[in-house]
Amino acid sequence: MPKRFVVAASEFTDVSRFPVGFELAEVLAAAARQLHQTRTADTTLRTAVELAVHLLPGAEHAGISEIERGSGSRALAWTDEVVRSAELRHPGREPHPDRERLWTTPVVRIEDTGADGGGNALSDLGLRSALSLRLRADRRRLTVLTAYAREPRAFDEDATRIGRLFTAHVSLALDSATVREQLTEAMRTRDLIGQATGILMERMTIDAAGAFDSLVKASQRENVKLRDLARRIVDANDTPG
């Protein structure tokens, strides 16, 4: 399960606030460097919401959430508590007007959540404008970056264009961080299984193939993941007595 973060405000000295014109390419390049310097998917998400407030014209708050089909949404990273509150379910209140449209379109822009009397969580929190952009999508799950503002009609075509360019960079950085984490975990798992195999070789006086086969059979018999069983063996071996 992804971790959740509240992100404190911070300054990105290489990233201008609300870039325009020819400055945009240079600023997006600086943002991309910031994103690719992150070492995990979690820190990529944290950096992305901070950068979104700096980059998107009109943005005052930002958050990244995961939407699961038929199961609502949950916040993964946010700039402040008002954004986290916007992601929570409220009895009798729609959490995000038009959010379902994100399953069929990559961008949803809400000009005024208070139109037609409001009656949704965003208008109740004083968030009158929202710009939602997809980061990832499959049949069951969406990952979405949303910028918010307290003024109605805060996001125009320029904000949408910059947002789409920015989220393309976020998606690439997120994919890279995820792959790095998976490779790191695979190496840790390999090392852990190697340690457990060595312990079994010593205890049972068998060769490496026999020790690994024994480990696999025990994993199947106990219905425990091979990695978890290996960790138990290594931890038990490290414990005195």
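**Burial, helix packing and loops**

Me: Is I162 buried or exposed?
Reply: The relative accessibility of I162 is 2%. Buried means under 20% relative accessible area, exposed means over 50%, and partly exposed lies in between, with a 1.4 Å probe and protein chains only. With its 2%, I162 therefore counts as buried.

Me: What pLDDT do local features need in this model?
Reply: Residues are numbered from 1 along each chain as its sequence is written, and side-chain values use heavy atoms, with hydrogens and water left out. This is a predicted model, in which totals for chains, interfaces and linings use all residues, side-chain atom pairs count only at pLDDT 80 or more, and local features need a pLDDT of at least 70.

Me: How many helices and how many strands does the chain have?
Reply: Both kinds of element are DSSP runs numbered from the N terminus, where helices are H or I with at least four residues and strands are E with at least two. From the N terminus on, the order is β-α-α-β-β-α-β-α-β-β-α-α-α. Counted over the chain, this comes to seven helices and six strands.

Me: How far apart are the C-alpha atoms of I162 and L55?
Reply: I162 is placed in helix α5, and L55 belongs to the residues of α2 that meet α5. Along the chain, I162 and L55 are 107 residues apart, whereas the separation of their C-alpha atoms is 7.7 Å.

Me: How are α2 and α5 oriented to each other?
Reply: Two packed helices are described by the angle between their axes and the distance between the axes. The axes are lines fitted to C-alpha atoms, for helices over the stretch in contact, and angles run from 0 to 180 degrees between N-to-C directions; those of α2 (residues 41-55) and α5 (residues 157-204) come within 9 Å and cross at roughly 165°. Angles under 35 degrees count as roughly parallel, over 145 as roughly antiparallel, 65 to 115 as roughly perpendicular and the rest as oblique. The two helices α2 and α5 are therefore roughly antiparallel.

Me: How many of the 15 residues of α2 are buried?
Reply: Helix α2 reaches 20 Å from its first C-alpha to its last, which is close to the 21 Å expected at 1.5 Å a residue, the expected span being 1.5 Å times one less than the number of residues. This helix is mostly covered, and the number of its 15 residues that are buried is 13.

Me: How are α1 and α2 oriented to each other?
Reply: Helix α1 (residues 23-36) and α2 pack with their axes 10 Å apart, at an angle of about 160°. That angle makes α1, relative to α2, roughly antiparallel.

Me: Which residues of α2 meet α1?
Reply: From α1, the residues taking part are V27, A31, Q34 and L35. Their partners in α2 are T44, T47, A48, L51 and L55.

Me: Is T197 buried or exposed?
Reply: T197 is found in helix α5. Leaving aside residues up to four places away in sequence, T197 touches A208, A211, F212 and L215. Its relative accessible area is 9%, so T197 is buried.

Me: Is T205 buried or exposed?
Reply: T205 is found in the loop between α5 and α6 (208-222). Although T205 is a residue other than glycine, its phi is positive, near 50°. At 70% relative accessibility, T205 counts as exposed.

Me: What is the phi of N223?
Reply: N223 lies in the loop between α6 and α7 (226-238), and with a relative accessible area of 73% it is exposed. N223 is not a glycine, yet its phi is positive, at about 55°.

Note on methods: Contact means heavy atoms within 4.5 Å.
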